[in-house]
Amino acid sequence: MVLKFFVFILFGGVFLLLQRKNVHAKSPHILFIVADDLGWNDVGFHNPNMKTPNIDRLAREGLILNQTYLQPLCSPSRHAIMTGYYPYHAGLQHLVILPWQPVCSPLKMKFLPRRLKELGYATHMVGKWHLGFCSWNCTPTYRGFDSFFGYYNAQEDHYTHEWYNYLDYRDNEKPVRNLNGTYSAFTFASRAQDIIKNHNSSQPLFLYMAFQNVHDPIQVPKKYEDMYPSVKSQGRRQFSGMVSALDEAVGNITNQLRESGLYEDTLIVFTADNGGWPQYFGNNYPLRGGKFTVYEGGTRVVSFVHGAGLKKTGESFESLLHAVDWSSTLVEAAGGKPALNGDGVSQWPAIINNTPGPRTELIYNFDSDVAPEEGHAAIRMGDYKLIDGYPGLYPDWYKPDQVYDFKPEPSVEEMQAHAGRYQLFNLKDDPTEHNDLSKSKPEIVKQLSERLQLLTKNAVPPNYPLIPDPKSNPSKFDNVWSPGWC
Ligand SMILES: *[C@@H]1O[C@H](CO)[C@@H](O)[C@H](O)[C@H]1NC(C)=O
Ligand SMILES: *[C@@H]1O[C@H](CO)[C@@H](O)[C@H](O)[C@H]1NC(C)=O
Ligand SMILES: *[C@@H]1O[C@H](CO)[C@@H](O)[C@H](O)[C@H]1NC(C)=O
Ligand SMILES: *[C@@H]1O[C@H](CO)[C@@H](O)[C@H](O)[C@H]1NC(C)=O
């Protein structure tokens, strides 16, 4: 009896202590914003010609993450954010998931919203998924989100919400047919506002806000295009308007956080998913290359954090951060323990104090198996970056508002010409990748290529079926891209 009493006191005390700790380190609300195909040079805080007052203010009042890297393309980047694993550990390193491929981010990998749910969060998602949908188990509400409003595929018409003439727009599991004609940035912002309005602030909120802007197709209501009368190319003018519509949506969502009394307790993360797409008017100048390439323009992205927990603001975090770090970083920000497995590290202690982060190296991509001559790999160690093979379709430095003659696809000859060829850059001295040092520093080439080989030793081969699966055909599903065929 007495013993029982002591045990009770002991555990009761520990319990109270834990509770107190929880009260002390209150989990912040987390608003995680992903902008699709937004280039390095497409925001006002990098380029004064862009009109993004809301994004600029958040960046300047927060901490700019100046060396943030993602994958060169959508599915792999989103996979990295959600799981903390590099795509080459999941078979997702080759291009992106196509609507007719029976592929999704491996079900055995735990998604970030599921980790946050374990810490007591309400978890909501708005916007683009692009992590596979052939089975319901692959889709957002089966991977940790309480609710989902958005689309499953890479892209679609911003007004009709169709891709290849089939609808891809859902509210949780149900197709949405009554928003034909409404531009997605409005719909998405308004859903996010509703989520915030209806949220009971005594529970921490995780809102993953994956905008369709500014991905191709280049469409925007005229009023936003008209904000850029001095831009000569119509494409760049419309694209710039798409960026400003995105900015307005970000402003509306943050206003709602204020109105609902959540703003002060919210950590906002903003990131692009890869570099801008030069062919569709995105711009990464002065960085080299763009989306699809492992050059910096494809992989080093606009990113910042703002709000709850940050002790040093109005500054720039100059350490390396990779998309795979977000899962552990946010779990720690939420008061949990970062996962021990995976490729990511928690950057939270470094971010809150703006002290040097733990990451000293990263893999840009490792993709060699579908067709060896098309493969590419790149690694960064310290100041050096090594590219092995074909870097991608956009090898140059593109300026905004200029017309380039882009090839729709790389030529096989061009890819083969790069096979077995290395490029080496010192990104500290040469962040824009003008000076290939591979001939003058063979010992560093050797060191980085050996490290690359070691880190990619257990790579999973790309899961990239070349033949479309006829079971995916939306005509079998009421003309809607739908799960249920794998
Ligand atoms: C970001 O890095 C670039 C070099 O890549 C540097 O010029 C710039 O000053 C850094 N800081 C900010 C806030 O942009
Ligand atoms: C949406 O509207 C367009 C034009 O009015 C029409 O062609 C299309 O079939 C509609 N799509 C759906 C899914 O209703
Ligand atoms: C919010 O949740 C708390 C704790 O569950 C509850 O006491 C409170 O009544 C809720 N507030 C509203 C407005 O529902
Ligand atoms: C932002 O809110 C204003 C005011 O309600 C509205 O007119 C505008 O359409 C909204 N814009 C977006 C992108 O949601």
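## Exercises: a ligand site and a domain interface

A nitrogen atom of ligand 1 sits 3.2 Å from an N or O atom in the side chain of Glu-318. This is a predicted model, where local features need pLDDT of at least 70, side-chain atom pairs count only at pLDDT 80 or more, and totals for chains, interfaces and linings use all residues. Residues are numbered from 1 along each chain as its sequence is written, chains are lettered from A and ligands numbered from 1 in the order written, and side-chain values use heavy atoms, leaving out hydrogens and water.

**Exercise 1.** Work out which residues surround ligand 1.

*Solution.* 
- Start with the shell, taking residues with a heavy atom within 4 Å: Asn-66, Arg-300, Ser-316, Glu-318 and Pro-431.
- Next, look at the oxygens: one oxygen atom of ligand 1 is 2.3 Å from an N or O atom in the Asn-66 side chain, and a polar side-chain atom of Arg-300 lies 2.9 Å from an oxygen atom of the ligand.
- Now for cover: on its own, ligand 1 has 350 Å² of accessible area (Shrake-Rupley, 1.4 Å probe), and the protein covers 48% of that 350 Å².

**Exercise 2.** Find how the chain is divided, and how far apart the domain centres are.

*Solution.* 
- An automatic or database assignment sets the bounds: domain 1 is 28-359 and domain 2 is 366-455.
- Their C-alpha centres lie 26 Å apart.
- Counting contact as heavy atoms within 4.5 Å, 30 residues come from domain 1 and 30 residues from domain 2.

**Exercise 3.** Look for salt bridges and polar contacts across the interface.

*Solution.* 
- Take a side-chain nitrogen of Lys or Arg within 4 Å of a carboxyl oxygen of Asp or Glu; that rule finds two salt bridges between the domains.
- Lys-385 pairs with Glu-296 in a salt bridge, their closest N and O atoms being 2.8 Å apart.

Note on methods
A polar contact is a pair of N or O atoms within 3.5 Å; within protein, one must be able to donate a hydrogen and the other to accept it, and residues adjacent in sequence count only if both atoms are side-chain atoms.
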